[in-house]
Amino acid sequence: MSDTLGLWGVPVAVLAGAVRGGTPFLFVSTGECLTEKSGKINLGLEGVLLMGAMSAYAISYQTGSPWVGLLAAGGAGLVLGFIHAWLAQQPKVNDIAVGIAMIIFGSGLAFFLGKPFIQPLAPQLPSLDFGAWSGNPAIQSALKVCPLFFVGVAIAVAMNWFFKSTRWGLFVRAVGDKPDAARAMGISVWWVRTCSVMAGSALAGVGGAYLSLFYPGSWTERVSGGQGMIAVALVIFGRWNPVQCLWASLLFGGAQALGPALQSVGVNSYYYLFNASPYILTLLVMILTCSDKRQLAGQPGALGTGQ
Amino acid sequence: MIPNAFGAEPEIAVATVAAAPGLRRPPLRWRSKLESIVIPGGVILVSMILFGLFVALQGVDPLEVFASIKKASFGSWFSFQNTLLRAAPLMLCALCTAIPLRLGLVVIGNEGALVIGGLCATAAGLQVQTAPATTVHVIMAAAGMATGGLWIMIVGALKQYRGVNETISSLLMNYVAIALLNQAVNSWMKDPESLNKPSSYPIPDDKMLQPFGETQVHWGLVFGILYCLVAWFLIHRTTFGFQIRRSARMSAPPASRGWRSGPVTLITCFIAGAAPGLAGMVEVAAIHGRANESLNAWYGYTGILVAFLARQNALACIFVSLILGGLLASGGILQRAHHLPDATILVFQGIVFMTILYSESLYGRFKFFREEAA
């Protein structure tokens, strides 16, 4: 990329990375946002992401249609989400611990079932080319965008509207903030939480499908690289607001692309540390914004209290 | 109440509250003792059934799989050594989660503390590699424990003074530690001869931790068992341990902050983090001989499972680590004998973990295990 653009390759690569690498973050963070708004944490999205990536790839390979693969990924997310929701709502069970168990189980299952699919090539999702006007191949490849990106943006905006302006959105927020009050209103806390966790998990599954069917576009055991783990951090970063989760995802996608982009122009002295920049960034933001006196603005009241 | 490390007043308050319901309890409480044996036993049985069903769905006879696991982990002295080798780092890693759980903190930074401990132990060992072997080992162990301890102490301090969620911050710090390791072995510490797998310069062979006699077992196992014993003694038999346990009771929701005293949190987190730091040193000094990505072998994440399975009891961590060490050691044979992928063990671990968590909700649910109220 830098061969034709020189130093300009860095911002182009970072912007392209923000869209391309940010899309899976977008799906896991909006999914986690919905889950946490209902008052439970799902730390297990890493397992869901891997299961989504594996099932999308396997089904796409076997049926020849990536869209069926996408559906399968969403379905795998729903199933894992149901297990998480059911376990995390048992009395005296810590939802964070359930998340760790789901990471182990989900990734184990994905590696187990996905072993035969590491070699073959599955049909990939199509891309929309916005770069046809440019003669520069670097810009052309940077502007190849997966339609799932726009779906993700639409979901983030729609979820924001859902929380703010719909009856069901109010139910979710009520259950997440004051479960007892919600119960008094006649809302079934169990159902609202189960549906929220399952829907959030399905979104993460779709994010996994994006990984194996678009970018990087193959199924390996390292395909997710911990992206599901930082969903929780992204939501804190985005203050439990889906639209801010969108910006946070783009920022993380861009930060992820920074290391390789700098390496391509010859700056490779701190390549591996640059790869950790999203994690360091989240940690810094948490240190700067958290306080031991109060909860963060926007944080659901019942989150992490076991209610 | 003002948080105070050595304040006497809160202790009295807690002691009265804690004693009140048990005042007229019958002397022999066999029912609740039985409960704490039957439920974990049921967990193992149920997860074996679930795993057996999973394996059967793949067309493999579950009984043969269990027989293979048993053979590969405890079947012979040779395979048992393999189990012991894997159990040693697991014990140390488990303490990193088990000890802070006593404070009411869910710390999952085991992997990061192990990696950073191993990296710094290597760096320190390379500095003094001309010294006698024992000196090298002591310095490496001190470096590993100090950095691992500080690593988790940062997590504790962030929780204590900034209210940063300890689970999330320790998770993030795992990635930072792995990035530091990769950076170090690819630049500052890189041995130019390690091409396929970037590594640090090696610790000289005669300065490695030697196995005992003709066996493969080395000092790591002794360190692991000793650390667990000391941690158990510290938590259950000292005043400091009482302060730790008091913090957990007081930090129960909704008053989740403000009770834990700063020094107790920091020291506890240091002790917890020093354990995986020592595991990292052992992995380098006894097995790999140099720092590279092999350090990042998921012992940390399995350690979290051990801590929960042992219900935060440091003594139980020893036995649970032996069982899980055996499970890890049997990964190879499942592949060779039954053509099951290595991830089979991961699936089994996941099933066991989920069943354990579910079993937490069963304590106190059965009438049979309740002590009769006199």
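Chain A meets chain B through 39 residues on each side, 39 of chain A being in contact with 39 of chain B (contact here means C-beta atoms, placed from the backbone, within 7 Å). This is a predicted model, in which local features need pLDDT of at least 70 and side-chain atom pairs count only at pLDDT 80 or more, while totals for chains, interfaces and linings use all residues. Residues are numbered from 1 along each chain as its sequence is written, and chains are lettered from A and ligands numbered from 1 in the order in which they are written.

The top contributor is α6(A), with twelve residues. Sorted by class, this side has 26 nonpolar, ten polar and three charged residues (Ala, Val, Leu, Ile, Met, Phe, Trp, Tyr, Cys and Pro count as nonpolar, Asp, Glu, Lys and Arg as charged, and the others, Gly among them, as polar).

Within chain A, α6(A) also packs on helix α4 (residues 45–63): their axes come within 7 Å and cross at roughly 20° (axes are lines fitted to C-alpha atoms, for helices over the stretch in contact, and angles run from 0 to 180 degrees between N-to-C directions). The two helices are therefore roughly parallel (under 35 degrees; over 145 is roughly antiparallel, 65 to 115 roughly perpendicular and the rest oblique). The residues involved include A:M51 and A:M54 of α4(A), and A:F105 and A:L109 of α6(A). Eleven nonpolar, four polar and one charged residues make up this contact.

Another chain A pair, helices α5 (residues 66–88) and α11 (residues 189–213), has axes 7 Å apart at an angle of about 140°, so this pair is oblique. Their contact splits into 15 nonpolar, ten polar and one charged residues.

Over in chain B, B:E283 sits in helix α10 (residues 262–288). This glutamate is buried, with 27 other C-beta atoms within 10 Å (20 or more means buried, 12 or fewer exposed, and in between partly exposed, with C-beta atoms placed from the backbone). Leaving out residues up to four places away in sequence, B:E283 touches B:P89, B:G118, B:H288 and B:L295. Its C-alpha atom is separated by 25 Å from that of B:G350, 67 residues apart along the chain.

Definitions and conventions: Helices (H or I, at least four residues) and strands (E, at least two) are DSSP runs, numbered from the N terminus. Two residues are in contact if their C-beta atoms, placed from the backbone, lie within 7 Å.
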